[in-house]
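Dear colleague,

Please find the structure below, handed over for your own work. My notes on what was found in it follow directly after.

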Amino acid sequence: IYKRPYKEPSYFSESKKFSIDSVNEPKNISEVAKYLLSHPNIASKRWVYQQYDSMVGTVNMSTNSPSDAAIVNLKDSDKVIALKADCNSRYVYANPQQGAAIAVSESARNIVCSGAEPTAITNCLNFGNPYNPEVYWQFVGVIKGMGDACRKFGTPVTGGNVSFYNQSSYEGPVFPTPVIGMLGVMEKKNIMTLDFKKEKDIIYLIGETRNDISCSEYLYSWHKVKNSPTPYFNLDEEYNVQQTVKNIISKKLIQSAHDCSDGGLFIALAESAMPRGLGFNISSDNSIRKDVFLFGESQSRIVVSVSPEKEKEFMEEMLKYNIEFSLLGVVTKKEMIIDEESFGTIDEAKQNYDTALENYLR
């Protein structure tokens with residue numbers, strides 16, 4: 001057991017002073033939406049990974065269906081595995097304990113949205129010089145947060161590694177980045193994908209949207225506010241949302257499930273619409289600022305679509321749980337419409353999303 005000195009960095013107390021009231025709502029919300037779709041942190045990474053044959057040396061067959069987790073079929077088995085790697089280093093920098101708990105929770109959320117049961121994790125913990133008391137403070141917080149979330153979800157840490165001294169003389173240490181790799185297991189019949197399936201399906205949001213843009217890509221990149229707290233997160237609430245979604249998937253009550261993460265609700269909706277070239281028509285929550293509603297990254301939220309034939313059964317099942325859920329709108333043909341305003345076609349959005357990284361690196 002190592003006992004090294006550590007101390008809270010000065011930025012930590014400063015970040016708590018952030019107020020959403022200090023940020024003005026943009027006049028052109030659709031411009032922000034387009035910007036986020038093509039941001040390197042959000043846009044598709046296919047330009048990188050499609051340059052390599054992902055099937056080389058594999059003995060199993062991966063599915064190509066769009067899911068929050070990678071789904072791998074096992075030969076001669078009625079079960080499949082779900083795999084997910086996740087971490088938002090902005091969150092961890094803002095609050096190492098809570099940010100690490102979010103990294104585990106978001107990995108679990110993606111596993112659950114794919115229809116699987118979270119089973120175990122591995123990790124790759126990346127930090128600066130541990131002899132720096134502020135860096136070691138980050139490390140201590142991360143271990144505590146990761147432990148809290150792993151105990152909650154019943155996902156033991158089966159292995160991993162720690163990488164220290166990731167820093168330079170001119171930029172200092174990297175953001176603390178505890179990358180979580182999670183494994184889930186499920187029966188093939190329970191596989192759930194993130195894509196909207198057909199027009200007139202009804203879109204619901206499971207989980208509550210908070211009046212919060214802290215640490216969001218929107219706040220960090222668009223407004224250039226680099227120091228803010230982690231977004232709203234409650235571990236018990238997260239667990240309850242995931243249990244609810246797991247149940248409604250097993251009962252075949254939804255057509256798709258996709259979590260809200262980087263970029264917020266708008267990005268989740270766009271990513272669900274892209275695979276089949278569908279659109280959506282939704283209404284925002286009048287009690288929350290529109291930019292917060294669309295781009296805030298408060299945790300524990302999942303977008304689902306429901307066929308009209310199963311909406312009544314879906315509603316009856318949801319009312320059994322003490323979980324917030326709300327009607328957003330419907331799946332449409334091609335256009336993205338929010339509060340009767342067009343945000344463009346899904347084809348335009350997909351073009352920006354798919355080619356952004358390639359264009360950025362040229």
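Arginine 210 and glutamate 208 form a salt bridge in this predicted model, with 3.3 Å between their closest N and O atoms; the term requires a side-chain nitrogen of Lys or Arg within 4 Å of a carboxyl oxygen of Asp or Glu. Arginine 210 is partly exposed at a relative accessible area of 21%, and glutamate 208 is partly exposed at 29%. Here, buried stands for under 20% relative accessible area, exposed for over 50%, and partly exposed for what lies in between, with a 1.4 Å probe and protein chains only.

As to conventions, residues are numbered from 1 along each chain as its sequence is written, and side-chain values use heavy atoms, with hydrogens and water left out. Since the model is predicted, local features need pLDDT of at least 70 and side-chain atom pairs count only at pLDDT 80 or more, while totals for chains, interfaces and linings use all residues.

Salt bridges

The structure holds 22 salt bridges. One of them joins the side chains of aspartate 354 and arginine 46, at 2.6 Å from N to O. Aspartate 354 belongs to helix α12 (residues 346–361) and arginine 46 to helix α3 (residues 46–49), so this pair ties together parts 308 residues apart in sequence. Helices (H or I, at least four residues) and strands (E, at least two) are DSSP runs, numbered from the N terminus. Aspartate 354 is buried, its relative accessible area being 18%, whereas arginine 46 is partly exposed at 29%. A network of salt bridges links Arg46, Lys350 and Asp354.

A further salt bridge connects aspartate 291 with arginine 289, where the closest N and O atoms are 2.8 Å apart. Aspartate 291 counts as buried, with 0% relative accessibility, and arginine 289 as partly exposed, with 23%.

Overall dimensions

The chain contains 12 helices and 15 strands. Its radius of gyration is 20 Å, close to the 21 Å that the globule rule gives for 362 residues, so the chain is as compact as a globular protein of that length. The radius is taken over C-alpha atoms, and the rule is 2.2 Å times the number of residues to the power 0.38. Along the principal axes, the C-alpha atoms fill a box of roughly 60 × 55 × 45 Å. Of the 362 residues in the chain, 51% are buried. The accessible surface comes to about 17,000 Å², and carbon and sulfur atoms account for 49% of that area; the areas come from the Shrake-Rupley method with a 1.4 Å probe, and for residues only the protein chains shown count as cover. Among contacts with a separation of 6 or more, 84% are between residues 24 or more positions apart, a contact being heavy atoms within 4.5 Å.

Nonpolar cores

The largest nonpolar core has 41 residues, and Phe266 and Phe280 have the most contacts inside it. Helix α9 (residues 264–273) supplies the largest share of this core, 7 residues. Such a core is a set of buried Ala, Val, Leu, Ile, Met, Phe, Trp, Tyr and Cys residues joined through side-chain atoms within 4.5 Å. Setting aside neighbours within four places in sequence, phenylalanine 266 is in contact with Ala33, Leu37, Phe280, Leu294, Phe295, Met336, Ile338 and Phe343. Apart from this core lies another, of 33 residues, including Val92, Ile121, Ala149 and Met186.

Strand β12

In strand β12 (residues 302–306), 5 of the 5 residues are buried, so the strand is largely enclosed by the rest of the structure. Ile302, Val304 and Val306 point one way, and Val303 and Ser305 the other. β12 pairs with β9 in the antiparallel sense over 5 bridges, and valine 306 is the bridge partner of isoleucine 202. Strands pair if DSSP finds at least two bridges between them. Strand β10 (residues 256–259) also runs antiparallel to β12, joined by 4 bridges, with histidine 258 opposite valine 303.

Backbone points to check

Most residues other than glycine have a negative phi. Cysteine 215, however, has a positive phi near 60 degrees; this residue is found in the loop between β9 (202–206) and α7 (217–222) and is buried at 6% relative accessibility. Lysine 224 likewise has a positive phi, of about 60 degrees. Lysine 224 sits in the loop between α7 and α8 (235–250) and is exposed, with a relative accessible area of 55%.

With kind regards
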